[in-house]
Amino acid sequence: MIFELSKTNSIANTYVAELRDETIQKDAMRFRHNLERIAAYFALEISKSMDYEQINVQTSLGMAPAVKLKEQPVLATILRAGLPMQQGLIQVFDRAPSAFITAYRKTHDNGTPEILVDYVSTPDLTGKTLIMADPMLATGLSMVLCCKELLKRFKIKELHLVIAIASAAGVAYVREHLPEAKLWIGAVDADLDARSYIVPGLGDAGDLAYGKKL
């Protein structure tokens, strides 16, 4: 399943447009806030497919019928660029536990790049719904490796991927290697450049959110 925000009419499309706008991008706080808002929007959409139970709530004037989420998902992100989206997910699933993963690109002497998963901090994911967030899905290598690392350790019930901007190639790669995943994407762009940046994309999400790295 793929849900692409750009194919719908929603205020959340304005947040995606502002992420791309090179003038608005100069305000790092607003850039982070827009990532948070996109993730929160998708969290609400994901919540519609989850299981609930009927409860009664005591008010000051009587009992009111209500519904309650049966089980909290686990919210995961790939550091560092994914942190604002993690915050957006937490705003909706405010009782959910979190998982964090680091992945980095290593270039070998022959020029061949490799993505390595360096650090994983996670609760038990057995039988859980996992929501993994990352702003960019370029080649899809990092996302697939990170998810496979978790799937190797745990029997995950359901996997959702929340992404602001993806490339068509990245989506195809994820669909091939993680066919069970449900994708929630702000917009899908056609091209990747020689550096594997999404075109038109928005640039380096981590640098725009937290400053340029060495």
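This is a predicted model: local features need pLDDT of at least 70, side-chain atom pairs count only at pLDDT 80 or more; totals for chains, interfaces and linings use all residues.

**Entry 1: helix α1.** I began with the buried residues of α1, and I found them packing against α2, β8 and β9. The buried set in α1 is made up of A12, Y15, V16, E18 and L19. I then asked on which side of α1 they sit: they span an arc of only 160 degrees around the axis, so they share the same side of the helix.

**Entry 2: α1 against α2.** Next I looked at how these two helices meet. Their axes come within 9 Å and cross at roughly 145 degrees. I noted the crossing of α1 past α2 as left-handed. On the α1 side I listed A12, Y15, V16, E18 and L19 as making the contact, and on the α2 side R30, F31, N34, L35, R37, I38 and Y41.

**Entry 3: α2 against α3.** I stayed with α2 and turned to its other helix pairing in my notes. The axes of α2 and α3 come within 7 Å, crossing at roughly 45 degrees. The two helices are therefore oblique to each other. Here α2 passes α3 in a right-handed crossing. From α2, the contact uses R32, L35, E36, I38, A39, A40, A43 and L44; from α3, I wrote down P84, M85, Q87, G88, L89, Q91 and V92.

**Entry 4: the nonpolar cores.** Which residues touch the most other members of the largest nonpolar core? I got M85, L89, F93, V162 and I165, out of 33 residues in that core. At least two residues each come from α1 (12-20), α2 (28-47), α3 (83-92), β7 (129-137), β8 (158-167), β9 (182-189) and α6 (205-210). The top contributor is α2, which gives seven residues. I also found a second, separate core of 27 residues, with I101, M132, L159 and A181 among them.

**Entry 5: I165 up close.** Leaving aside residues up to four places away in sequence, I165 touches V16, R20, P135, M136, L137, A187, D189, I198, G201 and L202.

**Entry 6: E158.** I moved on to E158, which is in strand β8. Is E158 buried or partly exposed? Its relative accessible area is 24%, so I put it down as partly exposed. Its contacts, again not counting residues up to four places away in sequence, are K128, T129, L130 and K182. I also checked E158 against L44: the pair is 114 residues apart in sequence and 16 Å apart in space, C-alpha to C-alpha.

**Entry 7: backbone notes.** Last, I went through the backbone. L79 and R80 are joined by a cis peptide bond, with omega about 0 degrees. I placed R80 in the loop between β4 (74-79) and α3. Another cis peptide bond runs from V199 to P200, where omega is near 5 degrees. P200 lies in the loop between β11 (198-199) and α6. I flagged S196 too, a residue other than glycine with a positive phi, near 70 degrees. S196 sits in the loop between β10 (191-192) and β11. With 22% relative accessibility, S196 counts as partly exposed.

Methods:
Residues are numbered from 1 along each chain as its sequence is written. Side-chain values use heavy atoms; hydrogens and water are left out. A nonpolar core is a set of buried Ala, Val, Leu, Ile, Met, Phe, Trp, Tyr and Cys residues joined through side-chain atoms within 4.5 Å. Buried means under 20% relative accessible area, exposed over 50%, partly exposed in between (1.4 Å probe, protein chains only). Helices (H or I, at least four residues) and strands (E, at least two) are DSSP runs, numbered from the N terminus. Contact means heavy atoms within 4.5 Å. The arc is that of the directions from the helix axis to the C-beta atoms. Axes are lines fitted to C-alpha atoms, for helices over the stretch in contact, and angles run from 0 to 180 degrees between N-to-C directions. Angles under 35 degrees count as roughly parallel, over 145 as roughly antiparallel, 65 to 115 as roughly perpendicular and the rest as oblique. A crossing is left-handed if the near helix is turned anticlockwise from the far one by less than a right angle, and right-handed if clockwise.
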